[in-house]
Amino acid sequence: MKKNILKVLLLPVISLLLVTGCSEKEDYFETAKKNMQELESYSMDINIEMGMDVGGIMINLPMTLNSDIDMINKMSKMKMSSEFMDNSLSSTTYVDGSDENNMIQYSTSDGITWEMTEAKDNNQVNNLVNPDNIKEIKSDDKDYYVYEATLDKDQMSGIIDKDLTDNDMMGSIDITDNIVFKYYINKKTKYFEKIVADLTDVMDVTGEESGQKVKLTKLNFEIKFSNFNEAPKVVIPDDVKNSSIKPESVNTKTMKCHLSKNQSGAEFDLSYFADYKESYVTNIRSNEKIVSNDISILETYKSQVERNYAPFDNVEYYNYNVKIEGDTLISTTDIDYSKIDIGKVLEIDPSSSSLIKNGKININTLKKAYESIGATCEMEYDNN
């Protein structure tokens, strides 16, 4: 089930509402936060306007998200809809937070198949904004107190690394500057009534498939809150719970790539196997053989391969073996990308960033990388 940029935009907004800075002195902001936290229910509507210039082609991507939040039962229901290249996209998500230690999310994009995932708490979200960054700004608006809060670009990048990993449509996103959120607090009710932000000049998008920069011509959003203590009670239907599948039940597929060549007095036979679920790689295995009657050639290659792998000796889930048997050098690897520390991999080998985007490897990106060195790849192998 694919995530979308709505989640990325939504997380910092909610965190800004719920962060409890004891040293914050802006009374109206503190009062509004307290009032929002004490609500039994409310509705939230998000409208996003996005424009992109893709190779001279102008694309508009409007998105809306309508949600009801049931604070008493710790449940929420969200409906997302968008238009992309004349295609209508939609999804529905229920979140069950009744068990603080085991939040469950049920999502569907077709209204038939539901996927159940564990909605883990993200500490980066809970501590995004230093209260010193929140300030009241002068406004002539007679209905609202207006505040601004700045989100550091590194903090926003941290969210994207964790939460924008399954979005093939958007590709990878880099945050280039701090982001300013503007809050409107109703002077009569003392509730947050709307939040706006313009992200047009603070994000760079790279297409997942093409690897090319996509120019954002517009990216802004408005969030409106309503139905304070009057939003409908959220109940997750039994058929949704009973029919939901876990991500573990999604079949794992395997891509097989192979390359044979003769070079510098040696015969190369290179095989690569990449397991993936949906669009993302979970494991890569390689079996590389170099055959030569000249033992010095094999020893030279062995030294080079060992030197390349040595920095990963202490990285868990990164396994390799290099040996010479007769006239053949055999090099094997087994890397579990579902468990490995991606940060360590990128620290040791920064060039891996060409493959690893937002903490994951897209199978199509990997396929192109293998094909660029002359390998032939097949993706018809399923592991049920």
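What percentage of the 384 residues in the protein chain do buried residues make up? I looked this up before anything else, bearing in mind that the model is predicted. Buried residues account for 43% of the chain.

**Entry: overall make-up**

I went through the secondary structure and recorded 8 helices and 22 strands in the protein chain. I then turned to contacts between residues at least 6 apart in sequence, and found that 60% of these join residues at least 24 apart. For the surface, I noted that the chain exposes about 20400 Å², with 45% of this supplied by carbon and sulfur atoms.

**Entry: nonpolar cores**

I next asked which residues of the largest nonpolar core touch the most other members. This core has 41 residues, and the ones in question are F181, Y183, F192, L199 and F225. I listed the elements that each supply at least two residues of this core: helix 2 (27-37), strand 1 (41-54), strand 3 (63-70), strand 9 (144-151), strand 11 (179-186), strand 12 (192-198) and strand 14 (213-226). Another core, of 33 residues, lies apart from the largest one, and its members include C257, Y276, I284 and V305. I set beside this a general remark: in soluble globular proteins, nonpolar side chains tend to be buried together.

**Entry: the disulfide**

C257 and C377 form the disulfide, with their sulfur atoms 2.0 Å apart. The pair links distant parts of the chain, since C257 belongs to strand 15 (residues 252-263) and C377 to strand 22 (residues 376-383), 120 residues apart. I also checked the torsion about the S-S bond of C257 and C377; it is about 115°, and the disulfide is therefore right-handed. Are these two cysteines buried or exposed? I found both C257 and C377 to be buried.

**Entry: helix 8**

I then examined the two ends. After helix 8 comes G374, and I noted that the phi of G374 is positive, near 100°.

Terms used. Residues are numbered from 1 along each chain as its sequence is written. This is a predicted model: local features need pLDDT of at least 70, side-chain atom pairs count only at pLDDT 80 or more; totals for chains, interfaces and linings use all residues. Side-chain values use heavy atoms; hydrogens and water are left out. A disulfide is a pair of cysteine sulfur atoms within 2.5 Å. Helices (H or I, at least four residues) and strands (E, at least two) are DSSP runs, numbered from the N terminus. Buried means under 20% relative accessible area, exposed over 50%, partly exposed in between (1.4 Å probe, protein chains only). Contact means heavy atoms within 4.5 Å. Accessible areas come from the Shrake-Rupley method with a 1.4 Å probe; for residues, only the protein chains shown count as cover. A nonpolar core is a set of buried Ala, Val, Leu, Ile, Met, Phe, Trp, Tyr and Cys residues joined through side-chain atoms within 4.5 Å.
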